[in-house]
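Q: I would like to take a close look at a single part of this model, and I would be glad of a careful explanation of the terms along the way.

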Amino acid sequence: MDERSLIRLSRSGDRSAFERLVLQKRDRAYRIALNIVGDEDEAKDVAQSAFIRLWSVIARYDEALPFDPWFSRIVVNLAIDAYRRRQRIGAVPGGGGDPAGGPTGRAAAQPDADVELMRAELRSVFRDVASALAPAQRVAFTLKEIEGMETEEIAQVMGVKASTVRNHLMQARRILRDELRRRYPEYLKDVTW
Amino acid sequence: MGAGCDRVRDLLADYLEDRLQAAERGAVRLHLAACRACRREAAARDPLQILAPLSVDELPERYREGFWAEIQAKLPERPGHAIGVASRRAQWTRQPARTALLMGAAAAALLAALLVPRLFDRRAAEPPATIAQAGAGIPFGQMAMEASRRAPQTVEQVRTPGARQVQVYSMKYYLASASSGGPARPSPPVTELVLIVDEGLDL
């Protein structure tokens, strides 16, 4: 069943259809949340909250507009709230590591362990360098470079002009490049993964 | 390298300068996420390309089993019902002058009704059925609370945290809307008046 049909059925209260919609969008929602919040547990909670919120507001969705940017806005807003809460309590987005996904964690026991180890290490690197970004820069970079959204879509999600998004992206890229060169020069010398 | 890699290599310069159309850009991004060799070449031009694999991250296995069940347990029965209470503030609308005048008069009357009796009689009495009866001599805080219970459509008492002697009242005005075949029903609140009354005020 296509996305449009799942949305229409969900609006009418069809939980089975909504479950399928959740499964379709689950990974993307989690990924956006993870790259903004910087913590896997928190990202999972944010993703779940976004779907609960979606159920409550899905009646307001205008079918003439693409669904992903509209839903992404819900995820981003909740992720930003979570990120700011963590900042207030002093939780470092890149600190604490990733117990289950870190290089010495459960990932090593899974199939394709080397791939998963690489990904886990990469997530840790990104959490570390991205901690230098302001929230708006994190959002813009996540949506553009990781999720591949168009600049105009990102502007809708963030509620700003496209020029503002471009500015955020320019700043984010510059900061991340500098941080990578400064903190992880060995990764840039020889990309082994 | 396969045919995909050759194509990506041709597109790489345009990709890094964000000159590709959405579909091609997506395809290159996913290829870089999966292909170490191409990613290495891209990272040589732009170090940020080492982050490409983040584009295909999925919800970790340990979260998947209970993900939907936990969501389902918290869903309201039907979609479209906002969780929690929306802002209690009414929408401010343009008010005809007559209505504004009536509001002012009502506010003054309420203030008088709440403050004056307190000077003379603090004994508990029959709770007022309407705001007009608020001057019956009930102790200040209880009176307002009882009033709000009996007249929930007109006055709500909002207790200011930590300020026992300050009472905040929110008075909402409704316009009766005609309902065909049934009794007139109040519209959503068209305006709101907030009164902050110092209980310790010595007149």
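In what kind of crossing, left-handed or right-handed, does helix 4 of chain A pass helix 7 of chain A?

A: This is a predicted model, in which local features need pLDDT of at least 70 and side-chain atom pairs count only at pLDDT 80 or more, while totals for chains, interfaces and linings use all residues. Residues are numbered from 1 along each chain as its sequence is written, chains are lettered from A and ligands numbered from 1 in the order in which they are written, and side-chain values use heavy atoms, with hydrogens and water left out.

Helix 4 of chain A passes helix 7 of chain A in a right-handed crossing, where right-handed means that the near helix is turned clockwise from the far one by less than a right angle, and left-handed that it is turned anticlockwise. Helices here are DSSP runs of H or I with at least four residues, and strands are runs of E with at least two, numbered from the N terminus.

Two packed helices are described by the angle between their axes and the distance between the axes. Helix 4 and helix 7 of chain A pack at an angle of about 50 degrees, with their axes 8 Å apart; axes are lines fitted to C-alpha atoms, for helices over the stretch in contact, and angles run from 0 to 180 degrees between N-to-C directions. Helix 4 of chain A is therefore oblique to helix 7 of chain A, since angles under 35 degrees count as roughly parallel, over 145 as roughly antiparallel, 65 to 115 as roughly perpendicular and the rest as oblique.

On the side of helix 4 of chain A, the contact (heavy atoms within 4.5 Å) is made by Pro69(A), Ser72(A), Arg73(A) and Val76(A), and helix 7 of chain A brings Glu153(A), Gln156(A) and Val157(A). By class, this contact has three nonpolar, two polar and two charged residues.

Helix 2 (residues 15–37) and helix 6 (residues 135–146) of chain A pack at about 140 degrees, with axes 9 Å apart, and are therefore oblique to each other. Helix 2 of chain A also passes helix 6 of chain A in a right-handed crossing.

The largest nonpolar core has 49 residues, and those with the most contacts inside it are Leu54(A) and Phe71(A). Such a core is a set of buried Ala, Val, Leu, Ile, Met, Phe, Trp, Tyr and Cys residues joined through side-chain atoms within 4.5 Å, buried meaning under 20% relative accessible area with a 1.4 Å probe and protein chains only. Helix 4 and helix 7 of chain A are among the helices that each supply at least two residues of this core.

Terms used. Buried < 20%, exposed > 50% of the residue type's maximum accessible area, 1.4 Å probe, protein only. Nonpolar A, V, L, I, M, F, W, Y, C, P; charged D, E, K, R; others polar.
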